[in-house]
Amino acid sequence: MRRASLPLLALPLALGLALAAPATAQEERTISVTGRGEVAAAPDMAVIGLGVVEEAETARAAMDAASDAAAAVLARLEEIGIAERDIQTSDLHLSPIWSNPGEGQQRAILGFEASNQLTVRVRDLSGLGAVLDAVVSDGANRFGGLRFTMADPGPLMEDARRRAVEDATARARTLAEAAGVALGRVVTITEHDRGGPRPMMMEAARSDMAGAPPVAPGEIELSVEVSMVFGIEGAQ
């Protein structure tokens, strides 16, 4: 009888698969951990949202009134030393003001509301209260929030990343020791986005200027999370 034989091209492929199987099994022996690094620091910049809202009988009149009020606020910001690059128009809005009709009545337009919103970066926190007081005095009648941040968070983020890797490595080492195996090389590292700086507990810091609203910069926290996969040596 004639024996069946594998094609010559199939022999190297079959041999390669047989040799690759143990390597694949070895790669599956891993420890996966997540580490966290945190850094706290005093902020050096504030971002505020403010604007003007005006009402009038016509859309043109409402928009003109809002534009005039916004121009006064912009002039005041320039006067107190806020650079042009730190002021940005974030929203322009015009909408009708509707009546509230009774049963059987139709809605009617009573007038129009126009708004002009600004986002302002304040780099001198000692004058933040004065900035808020000044723009309110010169026409700003809508406040869109305040957050403290860092002008250059890069160095702090690098420190947080190092701490996250150190934390993950320590966790992996503890797990390996508890399992009676040796921690091997790093297989993968993945950083998870935790968003921007978060405010922490704040200490009261009132402005010295009469009429200026109190501000409390306190500290902000920057954090990084990393997932790391380590190989295991001596695993059975």
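User: Which residue in β5 stands opposite isoleucine 48?
Analyst: Leucine 146. Keep in mind that this is a predicted model.

User: How do β2 and β5 pair, and over how many bridges?
Analyst: They are antiparallel, with seven bridges. β2 covers residues 45-56.

User: What sheet are they in, and in what order do the strands run?
Analyst: An open sheet of four strands, ordered β3-β4-β2-β5. The pairing is antiparallel.

User: Which strands stand at the edges?
Analyst: β3 and β5 (142-149). Each has a single partner strand, so one side of each lacks a neighbour in the sheet.

User: And what's the average twist?
Analyst: From one strand to the next, 15°.

User: Which helix lies across β2, β4 and β5?
Analyst: α3, residues 128-137. Its angle to β2 is about 5°.

User: New topic. Where is serine 99?
Analyst: In the loop that links β3 (87-98) and β4 (109-122).

User: What is serine 99 in contact with, leaving aside neighbours within four places in sequence?
Analyst: Gln106, Arg107, Ala108 and Leu110.

User: Zooming out, how many helices and strands does the chain have?
Analyst: Four helices and eight strands. Along the sequence the pattern reads α-β-β-α-β-β-α-β-α-β-β-β.

User: What percentage of the chain's residues is buried?
Analyst: 30% of the 236 residues. The accessible surface is about 15,100 Å², with 53% of that belonging to carbon and sulfur atoms.

User: And what share of the contacts between residues at least 6 apart joins residues at least 24 apart?
Analyst: 80%.

Methods:
Residues numbered from 1 in each chain as written. Predicted model: local features only at pLDDT ≥ 70, side-chain atom pairs only at ≥ 80, totals over all residues. Heavy atoms only, no water. Helix = DSSP H or I, 4+ residues; strand = E, 2+ residues; numbered from the N terminus. Buried < 20%, exposed > 50% of the residue type's maximum accessible area, 1.4 Å probe, protein only. Contact = heavy atoms within 4.5 Å. Areas by Shrake-Rupley, 256 points an atom, 1.4 Å probe, with all protein chains shown as cover. Pairing = 2+ DSSP bridges. Axes fitted to C-alpha atoms, helices over the stretch in contact; angles between N-to-C directions.
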